[in-house]
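Welcome, and please take a moment with the model shown here. A short briefing goes with it.

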Amino acid sequence: MAEPPLSPQSPGPALPLRARLSFACGHFLNDACSALWFTYLLPFLHAVLGYGHAAAGGLLLAGQAADGLCTPLLGFEADRAHGCGRCGRRKGWHLAGTTCVLVSFPFVFSPCLACRESTPQWAAFIYYLPFIVIFQFGWAATQVSHLALIPELVSSDHGKVELTAFRYAFTVMANITVYGLTWLLLNFQTDQPDRMEHLGPQDIPVFRNLALIVVGLGAVFSLIFHLGTKEKPYPLGVLPEPEESTPLLHKEPPGPPRPLLLWKDWLLEPSFYQVAVLYMATRLIVNLSQTYIAMYLTNSLLLSKKYIATIPLVMYVSGFLSSFLMKPVNKWIGRNLTYFVGILVVLAFASWVALARPVGDEIYGLAVLLGAGSATILVTSLSMTADLIGTNTHSSAFVYGAMSFTDKMANGLAVMVIQNLHPCPTELCCPACVGFYRWVMVLVTGGIAVAAVTTLCSIMVWPIRIRCRAVSLQGLRSARTPESGTESTEGESHSSTVN
């Protein structure tokens, strides 16, 4: 007699370690480029190339807007795709995105090839814009397809947490690689002590070589991902649907196939908006602190430029170590309290920056707090997104795309607002910017953390679950044709008790 099919609630077989590691390799290129983009784009444009605050903020905003607009559209198309050749629908988009990143990103951190000293900044803006748009398109395609693979590869809650933790561990490894390389390249200038203290045009080769090395390493990791990750192929022209023997509801006799949750159905789910706001707040904390940490170190604390590599490196080492605690901590206290603990660590960082000026080794303690807190809330928010999707993997790319849209647009607008509030619009820094970047770090961590706690409270009151779909399932059962007489009535009564 054939084995009964696994219900959507039953966990599937555990993913082998080799498969988990190869999957985690698939986002290394994105993570490394993201570290360069958020941490060093503004210092590169400000201090190295000499562009104004508004122009630099405009380029970053343009990139975030391109990413934010592409992400949900790519998510929608990725859910409809059938794959390309031997690649599945997720890996096909991943390959296309990786190619776009590889060919465009080196130009972002290189000087304008056709520009001269007399070239106006608007002309340089137009030069960089196409490369940034292509890079952000590729970055979005890679991110959405990689995230959408998580609920397809594993089905259990702890399996999703573990796979997300592996993914974040490689994110931290990518960041450690970037900051370690930055430290090495900056220290190659030890024979020029007059150039060690501050960033300037002499550092153009540092950032250009850094971008080229990152792209080369990312290409190798992407190849490992495509060779080691096996995606379940979908037949041409057929969306993934339940099998004929799959029951409509758990522990019930077989019935009609359950309806697919399409992209427009997600827009009717309250939990969709709860998770989106929480994910947006999480990304604002992580990305904005990463964007302005270099400016805070060099302009507010007046540290030398080598600290723009060592402090982020300490942050991500602490994040790497804390990522391995996610699975046992989630089992022990649950998702919500794990996120709350991470927020408390972030608030401790913000309080320290606001109430005291760190000196000496204290700055490394701040880095540990920010790194551990950021890792905790990011891993947990991604796990909550996977919880929201559940077994609805056919539309998971749209969900991840919509989540990413909110965070990209919010990040771009936040950076533009901060850039326009800068007290020194005509120069790199003035005495007023010493306190400016200090309070920027306080607000982008502590201020947004308060908003995240408010959203978390709403999730604790109204837990993450699909509500509208449950109503539609009840309506589907009540609308059955009464061909079987009393049996149909008994089935409906049994369904109401299960729900």
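This is a predicted model: local features need pLDDT of at least 70, side-chain atom pairs count only at pLDDT 80 or more; totals for chains, interfaces and linings use all residues.

Residues are numbered from 1 along each chain as its sequence is written, and side-chain values use heavy atoms, leaving out hydrogens and water.

**Helices α10 and α13**
- Helix α10 (residues 270-300) packs against helix α13 (residues 362-389) at an angle of about 155°, with the axes 10 Å apart; helices here are DSSP runs of H or I with at least four residues, numbered from the N terminus.
- The pair is therefore roughly antiparallel, a label for angles over 145 degrees on a scale from 0 to 180 degrees between N-to-C directions, with axes fitted to C-alpha atoms over the stretch in contact.
- Residues that meet, with contact meaning heavy atoms within 4.5 Å, include Phe272, Tyr279 and Val286 in α10 and Leu370, Ile377 and Met384 in α13.

**Threonine 338**
- Threonine 338 is found in helix α12 (residues 326-355).
- At 1% relative accessibility, threonine 338 counts as buried, meaning under 20% relative accessible area with a 1.4 Å probe and protein chains only.
- Beyond residues up to four places away in sequence, threonine 338 touches Met326, Val329, Asn330, Ile333, Thr376 and Thr380.

**Threonine 445**
- Threonine 445 lies in helix α15 (residues 433-461) and counts as buried at 0% relative accessibility.
- Leaving aside residues up to four places away in sequence, threonine 445 has contacts that include Ile285, Ser289 and Leu370.
- The side chain of threonine 445 reaches the backbone oxygen of methionine 441 at 2.6 Å.

How values were computed. Helices (H or I, at least four residues) and strands (E, at least two) are DSSP runs, numbered from the N terminus. Buried means under 20% relative accessible area, exposed over 50%, partly exposed in between (1.4 Å probe, protein chains only). Angles under 35 degrees count as roughly parallel, over 145 as roughly antiparallel, 65 to 115 as roughly perpendicular and the rest as oblique. A polar contact is a pair of N or O atoms within 3.5 Å; within protein, one must be able to donate a hydrogen and the other to accept it, and residues adjacent in sequence count only if both atoms are side-chain atoms.
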